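Biologist: Can you put the model up? I have some questions about it.
Modeller: Here it is.

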Amino acid sequence: MDAASVFLIVVAAVIISVVWYAGVRKRTEVSSELQRQYAEQAAETSRLLTEMSAQLADLHRRTADMQRILKDAE
């Protein structure tokens, strides 16, 4: 192999490395953004479930009160 062939192989390897590194960086950025979105969605879901749980507890309390009132009315 002459020097020109080795030089072209090295340049090609460097270009491939740069393209690969850029792809990895882009996937990492997208992955970080998705993780942030998932964390936000999980927090919102948790908040909604807590709110729903409170509403169900209130409904249960009111239902028990109504049953007690109906039983006393008999």
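Biologist: How many residues apart in helix H1 are Arg68 and Asp65?
Modeller: Arg68 and Asp65 are three residues apart in helix H1, so about one helical turn separates them. Helices (H or I, at least four residues) are DSSP runs, numbered from the N terminus. Salt bridges that share partners join Asp58, Arg61, Arg62, Asp65 and Arg68 into one network.

Biologist: What are the closest N and O atoms of Arg68 and Asp65 apart, in Å?
Modeller: They are 2.4 Å apart, and the pair forms a salt bridge. A salt bridge here is a side-chain nitrogen of Lys or Arg within 4 Å of a carboxyl oxygen of Asp or Glu.

Biologist: Before going on, what should I know about the source?
Modeller: This is a predicted model, where local features need pLDDT of at least 70 and side-chain atom pairs count only at pLDDT 80 or more, while totals for chains, interfaces and linings use all residues. Residues are numbered from 1 along each chain as its sequence is written, and side-chain values use heavy atoms, with hydrogens and water left out.

Biologist: How many salt bridges does the structure hold?
Modeller: Eight. One of them pairs Arg36 with Glu40, with the closest N and O atoms 2.3 Å apart. Both residues lie in helix H1, four residues apart, or about one turn of the helix.

Biologist: Why does Glu40 count as partly exposed?
Modeller: Because its relative accessibility is 45%. Buried means under 20% relative accessible area, exposed over 50%, and partly exposed in between (1.4 Å probe, protein chains only). Arg36 is also partly exposed, with a relative accessible area of 39%.

Biologist: And which side chain meets Arg47 in a salt bridge?
Modeller: That of Glu51, at 3.2 Å from N to O. Arg47 and Glu51 are four residues apart in helix H1, so they are separated by about one helical turn. Arg47 is partly exposed at 43% relative accessibility, and Glu51 is partly exposed at 40%.

Biologist: Switching topic: which residues form a nonpolar patch on the surface?
Modeller: Phe7, Leu8, Val11, Ile15 and Val19, with about 500 Å² of accessible area together. Accessible areas come from the Shrake-Rupley method with a 1.4 Å probe, and for residues only the protein chains shown count as cover. Patch residues have over 30% relative accessible area and no salt bridge, with nonpolar side chains (Val, Leu, Ile, Met, Phe, Trp, Tyr) joined within 5 Å and like charges within 9 Å.

Biologist: Is Phe7 buried or exposed?
Modeller: Phe7 counts as exposed, because its relative accessibility is 54%. Its place is in helix H1, residues 3-73.

How values were computed
Helix = DSSP H or I, 4+ residues; strand = E, 2+ residues; numbered from the N terminus.
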